[in-house]
Amino acid sequence: MEAKVNIHAFSTRSIASNGLCVLSNVVHIMPEEGYYNGKIFHKGIVVRTFILNVSEEHKNSQVDIDLFSLPLEKNFGGATLQNNYNLMPKGYIVLYVSEGDGRYSIILESTKKRKVYNTAEYLIKSDLFVVTLLRPGIYKMIDKGNNNEGQITVKYPIIGKKRFIPNEPIKITVTEKGFSKSDISLNPSEAVLFQIDTEKSMIVVDLLKPDDGPKEKLGKQYRKTKWKNPNMSTNVKKR
Amino acid sequence: MTHFTVAASERTFTKLFEKVRDNVSESTSGSHDLGAFSVSYNAGFHLEGGSLNLNNNGTVEVSELDIVYDPLDINFGIDLPKICVGGWCILPTPWGCAIRLPRICVFSSNPDIILPIDIGGLVESEISGAFALKLQHYVDPARTPGMTDLDAELAGIPNLLRVFLDPVWLDIDLIDISDTIGNILDAAIDNVVDGLLGWLPRWARDLIKAILGPIVDLIRFILDIGDDIDEWLSSLLGTSLGLLDFALTYVADYFAQKYPVYWIENPYPILEAENSLIPVKIPLESPNVQVNNNEFILTCDIGA
Amino acid sequence: MAFTDFSDIYAAVHENGFNYILNHIQRQRPSLFNYGTQSYLDNIELFCRRIPTTKDVIKNSNPIATLEEPIPIAGTNSVVGLEYCFQIVRIIMDFHPNNTIQLPPELKSEYKEQTISLALEICASVICPDQKISEKLGDHIARTQKPIETNKKEYEEVPRPPIKPIPGIRLECFCLEIIALLSFEKIIVDGIDYLTLRLDNLEIVDLKPENLENSIECYIKTAIRIGVLPKIKIALRHIIGEIDVVGELAVELMAPTPQITFNPSVSNDLLQVYVNLEVSP
């Protein structure tokens with residue numbers, strides 16, 4: 001019997017939109033029909049590919065793409081079977097990472113118009129970037145695309161009589177001028193939803209000062225003392 | 001007038017009953033899936049105490065006969081809820097959620113946490129009941145058709161007249177020892193949780209505990225303990241595990257068939273073997289047993 | 001009134017049942033009731049009455065009768081003897097009160113409470129030596145044997161050889177009717193309680209002359225007291241149906257009380273015993 005813990009979720013101190021991890025998501029709208037080739041990068045290296053088919057024929061308004069566990073392409077009699085996703089026009093792709101150390105990005109390239117969407121560079125208007133924060137402490141939020149900053153405080157968890165139910169994500173609009181809310185406070189395991197309203201945005205949330213709670217008391221420590229009999233000679237020989 | 005009569009007072013009969021009681025000892029084990037949690041157990045029991053009353057209606061009444069469960073090791077397999085983050089609806093519409101983020105689980109126990117509790121010697125049931133006397137002519141299965149009564153005696157398998165206590169009715173109740181069990185349960189839960197989470201940094205432990213809520217209460221909730229631990233334990237041991245029924249059935253069967261309260265050889269050795277001389281055995285005929293509120297009586301005739 | 005009003009365990013045997021027990025003992029321990037010298041044991045038909053026995057006695061090579069030495073012939077220095085047999089062929093007990101056996105006048109005055117009357121039929125016969133054989137033996141003894149020495153010491157020092165039976169013809173059996181008075185008593189052997197019978201008196205019915213009757217009565221009384229009754233002892237736990245063994249109980253025969261003045265008790269045609277559980281220290 002053991003606890004199965006997603007270690008990376010508990011050890012992440014920095015969450016950035018250009019390197020997705022278990023605590024972050026990017027939601028991107030696909031307005032136009034067409035075939036798109038997708039590449040998934042992990043720490044700058046292509047690890048998977050996929051095809052996204054946006055067409056009126058399809059009814060899906062959302063596809064979830066797990067950047068960690070997308071299956072490898074299968075080699076089938078010389079042909080390669082790609083991972084295929086079907087989406088309706090104006091549907092959304094939701095990028096997430098189920099496990100692992102993060103730093104994932106994608107490039108989506110339209111086969112027709114050669115338009116490229118690269119999360120490793122910038123997020124664009126209408127993109128959503130969601131960050132879930134677990135560790136209590138003070139975080140700095142930065143929009144590197146527009147040089148704006150803000151602060152997020154994650155409170156220390158309170159063990160109450162009932163189970164804690166997190167609130168809905170706090171929405172922050174990101175513009176060239178800055179964050180619509182630059183100083184927010186939330187409970188651990190709650191989220192911040194960044195609505196990108198600028199052409200280029202790169203959001204980074206860094207842990208500045210962790211709050212690990214009160215120090216745990218050590219167990220009892222006994223001070224060792226020694227007493228020497230003053231009446232006994234130190235040169236007594238052992239029999 | 002019958003040839004032979006032997007009567008035992010209620011005090012003597014109680015001693016005979018105590019010998020049967022003291023020989024009862026059984027164990028059982030099993031496992032059950034009870035939906036929200038699973039249970040495996042290893043239980044043994046024996047009998048203690050009890051008072052006996054002989055009745056004029058021919059029954060032997062036993063009250064407050066204790067079934068002591070020892071060992072009683074119960075392991076609960078509990079599936080703690082997973083802790084997942086995400087899953088937010090980020091684009092609600094009047095027709096439902098247009099975009100919902102996937103959930104990422106950051107904590108689960110794999111497999112179910114095992115919560116062991118050892119309550120041997122702390123749980124007792126009490127049996128009360130009434131028994132009628134049952135007389136049986138017993139021939140040992142090892143006796144072959146060619147054997148004479150003396151052959152059987154010399155082989156250690158003589159025929160017997162056996163008197164059993166055949167249950168007329170039996171009741172079983174669980175005894176109230178809630179304080180101890182409640183404490184043991186809480187201590188066991190704390191122990192398991194410490195083992196499960198102890199290696200995590202404090203903030204992570206506190207986060208998990210905050211999300212799960214007080215784990216003792218959570219586990220009690222999962223186990224469906226409620227306010228009355230007696231009722232819960234009684235229901236668990238009785239209904240869910242069938243332990244009380246098992247004990248009751250075993251005890252009833254034991255008294256009714258396995259261990260007689262009294263037995264006498266038939267033919268009866270009136271003179272024992274001496275040097276090379278064979279024992280002198282006398283046949284007992286028309287045996288009868290009865291009780292009244294004073295004594296147990298066996299009567300029979302001696303065959304020619 | 002309950003059986004166990006005055007004790008923890010009560011047991012009773014009715015005289016009819018006890019007589020069946022005696023019959024069973026007679027058939028399963030025939031050597032207690034039948035005695036004879038070698039010729040009789042070699043030829044069972046010589047006995048006065050057929051010896052009833054069970055197959056188990058034969059199968060387990062138990063003796064049918066007890067071997068006895070011939071009765072030494074006086075004047076022969078016990079060199080030769082007379083062969084004989086002796087059987088208790090019928091035995092009936094009557095527990096107090098006396099309602100089955102008719103007592104002779106000599107015993108009526110001795111009959112009291114707690115007494116058991118016993119009716120026995122005893123049969124016996126001898127093998128009478130042939131006249132010619134006797135005469136030849138006499139001649140042989142006259143020629144070869146020394147006069148009987150009165151020096152007791154010399155007589156005792158020489159180990160006596162077995163008495164040789166003199167061959168002959170069995171005479172007709174004779175049977176005697178004997179009435180006896182007995183009582184039960186408790187004895188302890190190797191720490192175990194037993195009930196045994198004590199012979200109080202005995203009378204041979206209609207034997208004359210009286211002094212001959214008295215002498216034979218003496219012999220029979222002695223034989224029964226020393227040779228028969230000590231072998232018929234019944235363990236107390238057998239009387240109480242082995243309840244003590246079943247329950248692993250320590251029991252003891254209750255000492256007489258104002259309510260139970262005799263224990264064991266013989267009354268109302270019953271042998272009754274009252275037993276208490278021992279109180280552990």
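Predicted model: local features only at pLDDT ≥ 70, side-chain atom pairs only at ≥ 80, totals over all residues.

1. The first point concerns a helix of chain B. Helix α4 (residues 202–212) of chain B is largely enclosed by the rest of the structure, because nine of its eleven residues are buried. The buried residues of α4(B) are Trp203(B), Ala204(B), Asp206(B), Leu207(B), Ile208(B), Lys209(B), Ala210(B), Ile211(B) and Leu212(B). Directly after α4(B) comes Gly213(B), with a positive phi of about 85°.

2. Asp194(B) is found in helix α3 (residues 178–197) of chain B. Is Asp194(B) buried or exposed? Asp194(B) counts as exposed, because it has 11 C-beta neighbours inside 10 Å, and a residue is called exposed at 12 or fewer. From C-alpha to C-alpha, Asp194(B) lies 15 Å from Ile184(B), and ten residues separate the two in sequence.

3. The largest nonpolar core contains 186 residues, and those touching the most other members are Leu67(A), Ile93(A), Val94(A), Leu95(A), Phe129(A), Val131(A) and Ile240(C). Strand β4 (residues 59–78) of chain B provides the largest share of this core, with nine residues. Domain 1 (19–121) and domain 2 (122–213) of chain A each give the core at least three residues.

4. Leaving aside residues up to four places away in sequence, which residues does Ile240(C) touch? Its contacts are Val6(B) in chain B, together with Ile9(C), Ala11(C), Val273(C) and Val275(C) in chain C.

5. Chain A has 20 strands and one helix. Of its 239 residues, 31% are buried. Where contacts in chain A link residues at least 6 apart in sequence, 71% of them join residues at least 24 apart.

6. One sheet of chain A can be described strand by strand. This open sheet has five strands in the order β9-β5-β4-β11-β12 (chain A), and its pairing is mixed. At the edges stand β9 (83–87) and β12 (116–118) of chain A; each has a single partner strand, so one side of each is left without a neighbour in the sheet. From one strand to the next, the twist averages 20°. Within the chain, strand β4 (residues 34–42) and strand β5 (residues 45–54) of chain A run antiparallel and are joined by nine bridges.

7. The contact between chains A and B involves 40 residues of chain A and 32 residues of chain B. On the chain A side, at least two residues come from each of several elements, including α1 (7–11), β3 (24–30), β10 (91–96) and β19 (190–196). Which element of chain A supplies the largest share of the side that touches chain B? That element is β1(A), with four residues. Sorted by class, this side of chain A comprises 22 nonpolar, ten charged and eight polar residues.

8. Chains C and B meet through 33 residues of chain C and 33 residues of chain B. On chain C, β1 (9–14), α1 (15–28), α3 (55–59) and α9 (243–246) each contribute at least two residues to the side that touches chain B. The largest share of that side, seven residues, belongs to α1(C). Its classes are 17 nonpolar, eleven polar and five charged residues.

9. Strand pairing also links chains B and C. Strand β1 (residues 4–9) of chain B and β1(C) run antiparallel, joined by five bridges. The bridge partner of Phe4(B) in β1(C) is Val13(C).

10. The last point concerns β6(C) and its pairings. Strand β5 (residues 80–95) and strand β6 (residues 116–129) of chain C run antiparallel, with twelve bridges between them; Cys85(C) has Ser125(C) opposite it in β6(C). Strand β9 (residues 174–189) of chain C pairs with β6(C) in the antiparallel sense over nine bridges, and here Ile116(C) stands opposite Leu182(C). Strand β8 (residues 168–170) of chain C is also antiparallel to β6(C), with three bridges. In that pairing, Cys128(C) faces Ile169(C) in β8(C).

Conventions:
Residues numbered from 1 in each chain as written. Chains lettered and ligands numbered in written order. Core = buried A, V, L, I, M, F, W, Y, C linked by C-beta atoms within 7 Å. Buried ≥ 20, exposed ≤ 12 C-beta atoms within 10 Å, placed from the backbone. Domains from an automatic or database assignment. Contact = placed C-beta atoms within 7 Å. Nonpolar A, V, L, I, M, F, W, Y, C, P; charged D, E, K, R; others polar. Pairing = 2+ DSSP bridges. Axes fitted to C-alpha atoms, helices over the stretch in contact; angles between N-to-C directions.
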